[in-house]
Each structure stands twice: as C-alpha cells, then as structure tokens.
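This report looks at a surface patch and at a sheet with its helices.

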Amino acid sequence: MAKKKAVKKATSTSKSKAAVKKQPAQKQPARKSSSSKRNPASIQSELKKIDREIVKLVNKRCSMTIKQIKSDPDPRAAMFDPKSDEELREFIEKLNSSGPLTNNAVRGIFRQILSSARRQIHPQRVAYLGPAYSYTHLAALERFGEEADMVPVNTIGAVFEEVNRGNTEFGVVPIENSTDGRVVDTLDMFTRLPLRICGEVLIAVHHNLLARCERSEITEIYSKPQALSQCREWLSRNMPQAHLHEVTSTSTAAQLAATKPGAAAVASHQASVEYDLQIIVEGIEDNTNNVTRFAVIGEEVCEPTGKDRTAILVHIAHKAGSLADTLQIFKKNKVNLTWIESFPLRGEEPGYLFFIDFEGHIQEAHIKRTISELEKRVVRLETMGSYPRSGILE
Ligand SMILES: O=C(O)C(=O)C[C@]1(C(=O)O)C=C[C@@H](O)C=C1
C-alpha cells in the first residue's frame, strides 16, 4: 500500500508540494462551511459543466490512445514510444503558452492519461534505484507515468539484474551528470551484462538539505556519493562541522534522516514530502545547470526519428595511436560524438573499454558505415542501442 501512496504523490519533478512546507504558518481567514456558501451558483454550475467536459475528454483521449496502440502493426513497440512521447511534450508545451497551468502540470496530466491507457493493455514493470523518490524514480515516472508497476531495488546492479532475469520489462539507471561525470556502477554493469539502452530521460537535478531538526543541530549528512559531490562546495562552505556519509541513494538518505537524531539528507523535494522532512535549505547544488541523464534499459528497438543517439562499447587495442585512429573514423563519417568515457578492463590484460555515444541512428547509412569501419579496427564492439535524444525536464 505504501507504494500506491507514493505513486499518488509523484506527479512531477516540480517543487510545489514540498515547497509548501517552507511557508511560515499564516493566520487563515475563517472558513465558511460549504462550497455553496463560498461560490455563487453561476460559478458552481460553470465548474460542473467544465468538469463534465474534462472527464469526457480525458476518457476520450484515453480510449483513442488504447485504440491507437492496439491498431499499430507492432503494438508492443507502440507501448514504449519515446519519439511520440517527445513530440507530444513539445506539442502540449506549445499549446500551453498562455497558462495559467505550468508545462510541468500539463505534462503530468497527459502522462497520467497515457500511462492509464497503456496499463489497460498491459502493465509495464519498471525497476529503478529506490526507495521511492530517488531521482531515478522521478526519471522513471517521467518516462512511464504513475500507472506503471514501479519496482524499487537497492542498487544500480540490481536494476540490471531485474531486467536481465526478465522480472521487469524495463529498468531506469543514472548514467552521467553534468557536474560529476559518469556513474561508474552503471557503466560497470553494461560491461557485465548484455543489456541495451532504449531511451533516455534528462532531468535538471536540484538538491535540498532535508532534516527533522534545526540546521544548527545537524551533525551528520547522508546522501549518494554523486549527490554529495554535486553539492561539495556548498556543503564545505555551509556545513563544515557535519560528517558526510555515503549511502546507496538520496531517498535512502532521506529515510535515515527521518529516523536518526541530528541527521540530514541531500535529496529531492519529493523525498521531503514522502519522508516527512523539513526543507532546511533548497537548491544547494554547486552548479545551477546540474543535469543528470538516465538510461532506460530494455529490449525495445526504437525506429529512427532524425534526432537520435547511438551508444556503443568498444575495446581498443592497447597501443600507441589506436584511440586516435578510432576517433578518425567518426571524423571521416562526420559523426558528432556526444560522450566518451574510458573504463579499465577487468582482469590481468592491460587496456581500456570505451563507452562512446554519438548523434545518429544505427539504421542510417553513415552510422552503419561508421560501425562497420570501427569493427574492422577495434578488438571488440557492442552496439548498446539507438534511441531518440530527449530534452531536459525541469
Ligand atoms: O540517489 C538518487 O536519488 C539517484 O537517483 C541516483 C543519482 C546518481 O547516482 O546520479 C541520480 C541523480 C543525481 O545525480 C544524484 C543521484
């Protein structure tokens, strides 16, 4: 049941709910007893009329989505379609130019409709680094919506294992951060298991110092190493007396902060609501443009959209010039690299594996050519997937 409660609360990565906690208690005007006394009849009947239309329209939209998925030549692929999700997001954000609803709010409404429609066809099971309201959970909710069956696990490795064993159809894991770089546990698992990336979610991550005690009483601060690192300067300048402790996720940190005297967590606004913590200071990340990219892992194959990313894993010979020769192939085929990371080979053999991602889709001619030229030159190459590139979600 706790899960259901959590699901209801996770509407977006926006700050609104938790931020309410920061407001000092204000004297409220005396409340009248019923809505009929507060609102004139004309407003009441107008609201009822709008509500009737909304319920009719959201159901119509849901039914149309079900019909669209069922009539697709490949209904399984239509259930997971990051390209149309992205197109819909751009479309509704354009439509919503005059507000007063925020884009986050409108996106949340549509996400709920789509995820309800998909659930009626078949529930999507998604493993994520938990517990609830880690940033990975928020990324999973952005991609799959509140009606998916969300499966929290304790480590990034366990997310991979769940997908690999077929216990869940998808998994969501952090892969890189604009301030802190690669997420080693994720890259390590890609070298161990033959899993593919079928989508990405980019989230603007804003960290908060959460606790149940006063700021002056905080002696211990818990969080995931990546989150502590993203707030390193702020923490050393503002909380020099506190001991920092690394735990498996920011939401595990929030759970601890809720039980240990003198403990605080670096975690999300949504975690503050879920674990009943006060926001002591918000926005403590050192870089205001702190963005984490999450990978969706699973078997789905995405069609080219014209705005895609392809990820590969290559083992390059350990000799002078072999990396330069490899990169030359990208240059020759005019392929724009978006990320390159080296990772030491496991075992006795010296050398490195490289994670490389670049613009383009494996089905495009120049990308096919690039891959086949690379295959001739490197020791081993694995294609980890081609999928639509996503915009940054606030
Ligand atoms: O601990 C969490 O909440 C996570 O989802 C993990 C993680 C990460 O490892 O990068 C995700 C986003 C933030 O960058 C900090 C932590």
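Leu47 lies in helix H4, which spans residues 41–71; helices (H or I, at least four residues) and strands (E, at least two) are DSSP runs numbered from the N terminus. The model is predicted, with local features needing pLDDT of at least 70 and side-chain atom pairs counting only at pLDDT 80 or more, while totals for chains, interfaces and linings use all residues. Residues are numbered from 1 along each chain as its sequence is written, and side-chain values use heavy atoms, leaving out hydrogens and water.

With a relative accessible area of 42%, Leu47 is partly exposed, a class between buried (under 20%) and exposed (over 50%), for a 1.4 Å probe and protein chains only. Together with Ile43, Ile50, Ile54 and Val58, Leu47 forms a nonpolar surface patch of about 380 Å² accessible area.

Elsewhere, four strands form an open sheet in the order S13-S14-S12-S15, with antiparallel pairing, where pairing requires at least two DSSP bridges between two strands. S13 and S15 stand at the edges, each with a single partner strand, so one side of each is left without a neighbour in the sheet. Seven bridges join S13 to S14, and Ser342 stands opposite Phe354 in S14.

| Helix | Residues | Strands | Angle |
|---|---|---|---|
| H15 | residues 322–332 | lies across S12, S13 and S14 | about 155 degrees to S13 |
| H16 | residues 365–377 | touches S12, S14 and S15 | about 165 degrees with S15 |

Definitions and conventions
Patches are made of residues with over 30% relative accessible area and no salt bridge: like charges are joined within 9 Å, nonpolar side chains (Val, Leu, Ile, Met, Phe, Trp, Tyr) within 5 Å. Accessible areas come from the Shrake-Rupley method with a 1.4 Å probe; for residues, only the protein chains shown count as cover. A salt bridge is a side-chain nitrogen of Lys or Arg within 4 Å of a carboxyl oxygen of Asp or Glu. Contact means heavy atoms within 4.5 Å. Axes are lines fitted to C-alpha atoms, for helices over the stretch in contact, and angles run from 0 to 180 degrees between N-to-C directions.
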